[in-house]
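Let us take a walk through this structure together.

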Amino acid sequence: MSSTCGNKTAPVSSSSKGLSSTALVYCALLSLQFGIQPILTKKYMGGATKSTVVFMQELTKLVIAIAGISMGKARWSDVVSGWTVTSWLRLALLPATIYLVQNICSLLAYENLDPITYNVLNQTKTLSAALCCYIVMKKKQSRMQVFALLLLLAAALVIERVLPMEALTPSYWTADRIEKPQVELSPTHITHGVVPIMVASFLSGLAGAVTQKSLQWGKGRHALLFTLELCVASLLLLTASFATSEDGRSIRERGFFDQWTFHTLIPILTNSLGGILVGLVIKYAGTVRKGFALIFGILLSGLMQSLVDENKSLSKEDMAGGVLAALSLWLHATNPYVSPSSASTPDVIDENFNKKTAQTRRKYKSKKEE
């Protein structure tokens, strides 16, 4: 496995190991941002053109990344050491392009699927992240970790009200309880709905795995430098899309800041901080654990909405989903995959250590007797 900048060495961090305190802090902050983002977007976004909002988010992330590197302990010369245009094209432009195609597929699926079907299929991206980490980085999951991922999927479906609470009991799945609806699916439903969202789910995992490899393998890319590179690539792709897209035509006719207000900057700033946090979470916790943080973010979103809206309260589905998500995270963190070769290593080390200790004691005892 080739390093992003340096020789072939082991990754600096592994999602198969326990979470460090740094990783936990970043995961918690990402969950909080993901939880409050829908509320802020709905309240302050208004009728601003989506492409202009995305463009400003990328530009804001770019400024934050530059400021973060400038105020950090590492010098710019150390951060960009070994950087080349070729490495930028390989490590930043590729995931940026993947994310762009993913967004297009998600939008197409959203227009052709009902919300329940969309949410169910969209939640498979955590499983695709685990699959892509194995394909890209050869990171295997233990059986218990696979079970934890499936449990996380169930937690997400319960929180989204797709899976009823009764589905968590064995009696729900008996033959007489299951109704088989007679639904005829049109070819468009499959080709323009199901296929695009499954492709988007896989691309989400693939982009996360590629990013994780860039940030963790070998010396590892500086997280803020990688964010900066990704922003530049995204801005170039967005600028190119303005030439042919409907949003680009709207910008030329009505201006870039049409229907913008000062409050529009609030969700842009929080979403930009979320983008920075995603890179940090992937670097220190891995793209699979990022999925856990986002599910907890969905739970926090429900909690926040119950606090700001008197007509909404934290439901039993939210609480049950939170418990399942917490259990799945604990199972995933405490049951890492252990290869057969590494599993025997500690015993060999202990045996050698005991032999050397015994030999030292015998030598010391013989000298003392003399």
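This is a predicted model: local features need pLDDT of at least 70, side-chain atom pairs count only at pLDDT 80 or more; totals for chains, interfaces and linings use all residues.

Let us begin with the overall picture. Of its 370 residues, 41% count as buried. Among the contacts in the chain with a separation of 6 or more, 87% are accounted for by residues 24 or more positions apart.

Now find helix α2, which covers residues 50-71, and helix α9, which covers residues 223-241. How do their axes meet? They come within 9 Å and cross at roughly 155°. Angles over 145 degrees count as roughly antiparallel, which means that α2 is roughly antiparallel to α9. The crossing of the two is left-handed. On the α2 side, the contact is made by V54, F55, E58, L59, K61, L62, A65, I66, G68 and I69. On the α9 side, the residues taking part are L224, L225, T227, L228, C231, V232, S234, L235, L238 and T239. Sorted by class, the residues of this contact are 14 nonpolar, four polar and two charged.

Stay with α2 for a moment and look for T52, which has its place in this helix. Is T52 buried or exposed? With a relative accessible area of 0%, T52 is buried, because anything under 20% counts as such. A polar atom of the T52 side chain lies 2.5 Å from the backbone oxygen of T49, which is where our opening definition comes in. Leaving out residues up to four places away in sequence, T52 touches I251, F256 and W260.

Which residues does E229 contact, once neighbours within four places in sequence are set aside? They are W83, W88, A92 and R221. E229 is also 8.5 Å from L91, C-alpha to C-alpha, although the two are 138 residues apart in sequence.

Helix α6 (residues 125-137) and helix α12 (residues 287-308) have axes that come within 8 Å and cross at roughly 170°. That angle makes α6 roughly antiparallel to α12. Here T126, A129, A130 and C133 of α6 meet T287, V288 and G291 of α12. By class, this contact has four nonpolar, three polar and no charged residues.

We end our walk in two loops. Most residues other than glycine have a negative phi. Against that background, K138 has a phi near 60°, a positive value in a residue that is not glycine. K138 lies in the loop between α6 and α7 (143-159), and K138 is exposed, with a relative accessible area of 55%. Q259 is not a glycine either, and has a positive phi of about 65°. Look for Q259 in the loop between α10 (246-254) and α11 (265-284), where Q259 counts as partly exposed at 46% relative accessibility.

How values were computed:
Residues are numbered from 1 along each chain as its sequence is written. Side-chain values use heavy atoms; hydrogens and water are left out. Axes are lines fitted to C-alpha atoms, for helices over the stretch in contact, and angles run from 0 to 180 degrees between N-to-C directions. Helices (H or I, at least four residues) and strands (E, at least two) are DSSP runs, numbered from the N terminus. Angles under 35 degrees count as roughly parallel, over 145 as roughly antiparallel, 65 to 115 as roughly perpendicular and the rest as oblique. A crossing is left-handed if the near helix is turned anticlockwise from the far one by less than a right angle, and right-handed if clockwise. Contact means heavy atoms within 4.5 Å. Ala, Val, Leu, Ile, Met, Phe, Trp, Tyr, Cys and Pro count as nonpolar, Asp, Glu, Lys and Arg as charged, and the others, Gly among them, as polar. Buried means under 20% relative accessible area, exposed over 50%, partly exposed in between (1.4 Å probe, protein chains only). A polar contact is a pair of N or O atoms within 3.5 Å; within protein, one must be able to donate a hydrogen and the other to accept it, and residues adjacent in sequence count only if both atoms are side-chain atoms.
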